[in-house]
Amino acid sequence: MSDNESTGINIAIIKIYLLKGLRYWYIPIIGILIGTSIGYYYARYDIPSYSVNGRVLVKDEYSSWGQEYFLPGMELVSTRNRLVNEIGAIKTFPLMLKAVNNIPELKVSYYDVGNVKSTEQYKSNPFHIEIDSLINKNIYNRKFYLRIINENQFLISRDNFDKDLGNQHLFNQKVILAGNNGSIVLDKYNPNMLLKTYMFYFNNPEALARYYQNNIIIEPEDEESSILSISLIGKTHRKEMDVLNTIIDTYIQSGLDESNKTAIKTIKFVEDRIEVIADSLIIAESNMQNFKEGANENRINLKDLTAIKEINELEIRESNLQFTIDFYDQTYNYILNNDDAKGLIIPYFINSSSVLFKLMNQLIEKYAEKHRMTYSAKSASSPMEILNSEINTLKQILLENLVARKSKDLNDLKSLRSQITIREQQLKDIPAAERKYAIAFRDYSLQNSLYTELLSKKQAAEIAKASSIPNARVLDYATPYRVYMISPPTSSYYQKYIMLFLIFSIFIIVILEFFNNKIIDKIDITSITDIPILGYIGNNNDSNPLVLLDQPKSLIAESFRTIRTNIRYLSRKNEPKIILLTSTISGEGKTFCSSNLASAYSLQEKKTVIIGADMRKPRVHHDFDLPNKIGLSNYLIGKANLEDITQSTSFKNLDLISSGPVPPNPSELLSSEEFVKLMDILKEKYDRIIIDTSPIGLVSDARLLIDYCDIVLFVLRQKYTNKNTFEKVVADLTTDKNKIGILVNDIKYKKSIYGSYGYGYGYGYGYGYGYGYGQGYYGEETKKRKSILSILKKGKS
């Protein structure tokens, strides 16, 4: 077994289909030319895309742990970051909108309009637009076309100066654009600008923010790394660099602002308390001063009045407790009545290790996460539902914790007030002067202590604010060194489109071959039958069908001589006497072949007769320019003898028995005893008998005569004979296959790199048969089809 057989590869089948495809060699060439043209267009005019990127280092989740132990108040800004949350924070709509608004060049896009493409002029446009205020926001994305007339004037059109020829305006003067007042400023000028058309439109900041939100690419640099790679893809790399760097800066500043938010709230809270204490301290100082002025302070002995000191300490504790209880009430009411963390603050007196601190910090973080997700997830989505559930749970726990703490502090406050009451009773036993002084001194000491403590806490919060650092820092900004062209190279356009159209061409060939049902070359014949092909006859451009007699040295004449020789090899016994020619349908050239084959034998000094057995549509007599008044039909019905129907042609050794008048029953006449007797007589009289009969694919006349014949020649016509019909006829002739040969007629040879008809086999004659067999059978009309190329040539002429 061969290697091809073992692998299931049939080389013969592959060769057949390859040769079939080669007949359409021009289609792939056209496809390659089209692909090359389109590839050139894209290589010449396509605007390349660029990728710009930057790198940001995000603090690890627990990177801030312990910093509150180094500076007082640092617990106010310590946060724990998760990388996935930071990615979400960067891609939020508010951050993108803020970044877009921070780049003035994004407000208006400018383009240089060319014949094929328009090129964006980012920071390189010769003019810019200044708008007083956007009153009518319908101006967004509306295109305006501008042509510079001179250094002072320009034209503006809405349709690239097609129907709107433009309105004339002055630079630096008021111009109204879609209901908005502004002016156009010329930044630079040169005469080449007069030949150009510029286009500009105003960008909707929100639409731009959405665009960058959807197109920014953020990925961790490594699975275990906290470095984020942030990139953008666009046609104008300078613009993408500015946008990316602004997004990075906005993100870092937003993180810093978020970190300082708690400290800022704490400072505000403490300042409000300081204002209240400051007023009380002023009053206490005034009272103390008045007492000193109205009494002799040196005469007052307070050495034994320890109650005053104790009362001061107790009252400071009472004030702090009351302050804490007020905070609990305020926080409780805010959490209960609001669904955000804007009003939540973590004051100085809550220890960072306490449960309350952790709960409040978690709730603030959850609300921040919810705020970010609002711009990237639907409210009914599963992640949002989970987050809302977590927030509600935290709020409930926090409220319960506040209630419990308030209850404890109220009990402590009640105890403190009892102790203060006892100490105040002790003061009643001292003299009036000492008592008044003690009260004034106690009030002053209390207010002064509270004021000093609040100032200390404010300073701690301000230190925390000043000491806070952003949650991320820039490792690499987007610079020209971090710009990469991602568009394919120029050669890839040619490869892509040439390959695409080459495949498309092959597909067209497959479709053409699939729907082709005509005999075109040898492969179409050999794939249907193994009946031998005895000859190939080219297209005849001469009006005279008797090519062999009139043009004995022509290539068509030579093809019939070759057929004459091949017939001898087909007949394995004696030389054949009776040769019948038929075809599948009318118009395939069997009469043309019959006349010329008979001529070929006559030229060989063989006494030859050609019989027009096609009594349904007589034609062979026209080829010899002889009458058809008396013929085979007259003989078979007994109205004429052999001498009456035999006509001598103008050529030596060649006689003609024409069909005669069309009878009503051709099949019955051909199957009669008279026809058999006629064949026996003609065998004795002639060396060769050529029978031109009806198409076997339409009527049964030829089938009746096959048994009387030595050789049957089946005439096919290139691009005319139907393969399905031919296959059916051949299947019916299986029993007579040993005496059948095939003639391929009307070969329209076109020279190609693959050789002649049949791609290198047979007889490659550069001529052919153009005989006008276009009539249908039994009255059917078959019009000759004109090729598109011939129609175009005729139109040009």
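**Briefing: cysteines, aromatic pairs and a buried serine**

The whole structure holds 0 disulfides, a disulfide being a pair of cysteine sulfur atoms within 2.5 Å. This is a predicted model: local features need pLDDT of at least 70, side-chain atom pairs count only at pLDDT 80 or more, and totals for chains, interfaces and linings use all residues. Residues are numbered from 1 along each chain as its sequence is written, and side-chain values use heavy atoms, without hydrogens and water.

**Cysteines**
- Cys593 is buried at 0% relative accessible area (buried: under 20%; exposed: over 50%; partly exposed: in between; 1.4 Å probe, protein chains only).
- Cys709 is also buried, at 4%.

**Aromatic pairs**
- The search finds 16 aromatic pairs (ring centres of Phe, Tyr or the six-membered ring of Trp within 6.5 Å; planes under 30 degrees apart are stacked, over 60 edge-to-face, the rest tilted).
- Phe154 and Phe171 are tilted, because their planes lie at 40°, with centres 4.7 Å apart.
- Phe154 sits in strand β6 and Phe171 in the loop between β7 and β8, 17 residues apart (strands are DSSP E runs of at least two residues, helices H or I runs of at least four, numbered from the N terminus).
- Both Phe154 and Phe171 are buried.
- Phe675 and Tyr708 are tilted too, at 5.9 Å and 45°.
- Phe675 is buried at 0%, whereas Tyr708 is partly exposed at 26%.

**Ser595**
- Ser595 lies in helix α16, residues 590-603.
- Ser595 is buried at 0%.
- Beyond neighbours within four places in sequence, Ser595 contacts Leu546, Ile610, Val620, Asp623 and Phe624 (heavy atoms within 4.5 Å).
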